[in-house]
Amino acid sequence: MKTLAPYFMLVLCFISTQAWSESTDDREIIWVTDAEKTALLTEMRNFLGASQQILAAALSEEVDAIEAAARPVGVKLMKNTPDALKAKLPKGFGQLGSKTHLGFENIADEASGMGDTTLILQQLATLQTHCIACHARYQFKVAQIKK
Ligand code: HEC
């Protein structure tokens with residue numbers, strides 16, 4: 001293993017230089033206000049926090065903690081999106097967002113019901129494919145308000 005390390009580092013360097021030299025972001029832009037961007041990214045960090053808590057709690061078989069982490073980012077949050085922001089979000093974004101909230105709600109339901117942690121880990125893995133799909137497709141940019 002030891003002898004392979006330098007080659008591995010070389011490959012890593014190559015990958016990172018390539019990424020830096022081709023750094024144009026051609027994902028679809030969603031124009032939002034500064035406040036909307038802050039709210040959206042806060043929600044994102046809550047998603048990441050909840051995912052980590054669910055993973056840790058599933059591994060230690062703590063079903064109450066799983067529900068406590070998943071429920072607040074479930075369908076309840078979906079209803080909180082202001083209409084003005086909803087109008088700016090492309091259909092595909094809305095669909096992936098709904099699937100993500102529903103995924104967390106299903107995890108919370110499984111935790112408070114049968115509490116099968118293997119199933120919950122599978123649900124989490126499926127849910128995370130929506131995170132990945134959306135990140136690959138969209139970016140937020142703050143629209144400059146004309147003075
Ligand atoms: C419906 C689309 C969508 C879904 C679903 C989604 N995200 Fe995001 N997320 C975004 C976009 C767009 C950004 C901003 C990316 C950019 O502008 O470069 C973002 C940014 C983030 C960030 C960075 C936050 C910051 O403070 O900069 C994190 C962390 C994140 N997402 C986690 C997640 C996790 C975890 C999930 C799934 C549980 C998830 N997201 C699901 C669209 C989505």
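Helices (H or I, at least four residues) and strands (E, at least two) are DSSP runs, numbered from the N terminus. The model is predicted: local features need pLDDT of at least 70, side-chain atom pairs count only at pLDDT 80 or more, and totals for chains, interfaces and linings use all residues. Residues are numbered from 1 along each chain as its sequence is written.

**View 1. The chain holds 7 helices and 2 strands.** Along the sequence their order is α-β-α-α-α-α-α-α-β. Of the 147 residues in the chain, 15% are buried; a residue is buried if 20 or more other C-beta atoms, placed from the backbone, lie within 10 Å of its own, exposed if 12 or fewer, and partly exposed in between. Two residues are in contact if their C-beta atoms, placed from the backbone, lie within 7 Å. Among contacts between residues at least 6 apart in sequence, 75% join residues at least 24 apart.

**View 2. Helix 7 covers residues 117-137.** The expected span of a helix is 1.5 Å times one less than its number of residues. I120, Q123 and L127 are the buried residues of helix 7. Down the helix axis these buried residues fall within an arc of 65°, so they line one face of helix 7; the arc is that of the directions from the helix axis to the C-beta atoms. The cover over them includes helix 2 (34-59), helix 3 (63-70) and helix 6 (91-112). On the face turned away from the buried side, helix 7 carries the exposed residues T118, Q122, A125, T126, I132, H135 and A136.

**View 3. Helix 6 has 22 residues.** From first to last C-alpha, helix 6 reaches 32 Å, close to the 32 Å expected at 1.5 Å a residue. Its buried residues are T100, H101, G103, F104, I107, A108, E110 and A111. Helix 2, helix 3, helix 4 (75-78) and helix 7 are included in what covers them.

**View 4. The largest nonpolar core has 14 residues.** Such a core is a set of buried Ala, Val, Leu, Ile, Met, Phe, Trp, Tyr and Cys residues joined through C-beta atoms within 7 Å. I54, I66, A70, F104 and I107 have the most contacts inside this core. Helix 2, helix 3, helix 6 and helix 7 each give two or more residues to the core. Apart from its neighbours within four places in sequence, I54 is in contact with I66, A69, A70, I107, I120 and L124.

**View 5. The shell around the ligand has 19 residues.** M44, F47, C131, C134 and Q139 come nearest; a residue is near the ligand if its C-beta atom, placed from the backbone, lies within 6 Å of it. Two or more residues come from each of helix 2, helix 6, helix 7 and strand 2 (138-142). By class, the shell has 11 nonpolar, 7 polar and 1 charged residues. Ala, Val, Leu, Ile, Met, Phe, Trp, Tyr, Cys and Pro count as nonpolar, Asp, Glu, Lys and Arg as charged, and the others, Gly among them, as polar.

**View 6. E61 and G113 are loop residues.** E61 lies between helix 2 and helix 3 and has a positive phi of about 55° although it is not a glycine. E61 is exposed, with 10 other C-beta atoms within 10 Å. G113 lies between helix 6 and helix 7 and counts as exposed, with 10 C-beta neighbours inside 10 Å. The C-alpha atoms of G113 and E67 are separated by 9.9 Å, with the two residues 46 apart along the chain.
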